[in-house]
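Thanks for coming, everyone. Please look at the screen while I talk.

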Amino acid sequence: MTADLAAGYCGERHVEDFLERVGTTYPKPRIVDSTRRKFWYREDLDKAMNLGTVTASSGLGAKFREKIREKRDGSAA
C-alpha cells in the first residue's frame with residue numbers, strides 16, 4: 001500500500017507523521033520504485049504493530065475458549 005493508505009491503516013492522522021516514524025516504529029517500505037513511489041506490505045505493518053501475535057494460552061480469552069471447548073465436548077458426547 002502507498003504511504004497515505006499505510007498511514008491510515010496504522011491509525012496515523014497525517015502521512016507526514018507516519019513517514020517520520022518509518023524506520024523506527026514502522027518498517028521501511030518493501031518496494032521502492034522511486035523517491036515518491038514506495039509501497040508497504042500489510043503483513044510488515046501488522047508485525048510492527050504486534051497485530052495477530054496474541055498468545056492463545058493466557059488471559060481471559062484463553063479461559064473463555066476453554067469453557068466453550070468444554071461445552072462443545074460435553075454436548076457431543
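First, the ground rules. This is a predicted model, where local features need pLDDT of at least 70, side-chain atom pairs count only at pLDDT 80 or more, and totals for chains, interfaces and linings use all residues. Residues are numbered from 1 along each chain as its sequence is written, and side-chain values use heavy atoms, with hydrogens and water left out.

Start with the core. The largest nonpolar core has eight residues: A3, A6, A7, C10, F18, Y26, W40 and L45. By nonpolar core I mean buried Ala, Val, Leu, Ile, Met, Phe, Trp, Tyr and Cys residues joined through side-chain atoms within 4.5 Å. Buried means under 20% relative accessible area, exposed means over 50%, and partly exposed is in between, with a 1.4 Å probe and protein chains only. Helix α1, residues 3-9, gives the largest share of this core, three residues. Helices here are DSSP runs of H or I, at least four residues, and strands are runs of E, at least two, numbered from the N terminus.

Now pick out L45. Which residues does L45 touch, not counting those up to four places away in sequence? The list is M1, A6, Y9, C10, F18, P27 and W40. Contact means heavy atoms within 4.5 Å.

Next, the rings. A pair of aromatic rings is described by the distance of the centres and the angle of the planes. Rings of Phe, Tyr and Trp, taking the six-membered ring for Trp, pair if their centres lie within 6.5 Å; planes under 30 degrees apart are stacked, over 60 edge-to-face, and the rest tilted. How many aromatic pairs does the structure hold? Two. F18 and Y26 form a tilted pair, 5.1 Å centre to centre, with 35° between the planes. F18 and W40 form an edge-to-face pair, 5.1 Å centre to centre, with 70° between the planes. Ring pairs join F18, Y26 and W40 into a cluster. Is F18 buried or exposed? F18 counts as buried, because its relative accessibility is 0%. W40 is buried too, at 2% relative accessible area.

On to charge. The structure holds five salt bridges. A salt bridge is a side-chain nitrogen of Lys or Arg within 4 Å of a carboxyl oxygen of Asp or Glu.

One joins the side chains of D44 and R30, at 2.6 Å, N to O. The pair links distant parts of the chain, 14 residues apart: D44 is in helix α3 (residues 42-48), and R30 is in the loop between α2 (15-21) and β1 (31-32). D44 counts as buried, because its relative accessibility is 18%. R30 is partly exposed, at 46%. Leaving aside neighbours within four places in sequence, D44 is in contact with P27 and R30.

Another joins R42 and D46, with the closest N and O atoms 4.0 Å apart. Both lie in helix α3, four residues apart, about one turn of the helix. R42 is partly exposed, at 46%. D46 is buried, at 16%.

Last, D33 and R37 meet through their side chains at 3.5 Å, N to O. R37 counts as partly exposed, at 46% relative accessibility.

That is my tour. Thank you.
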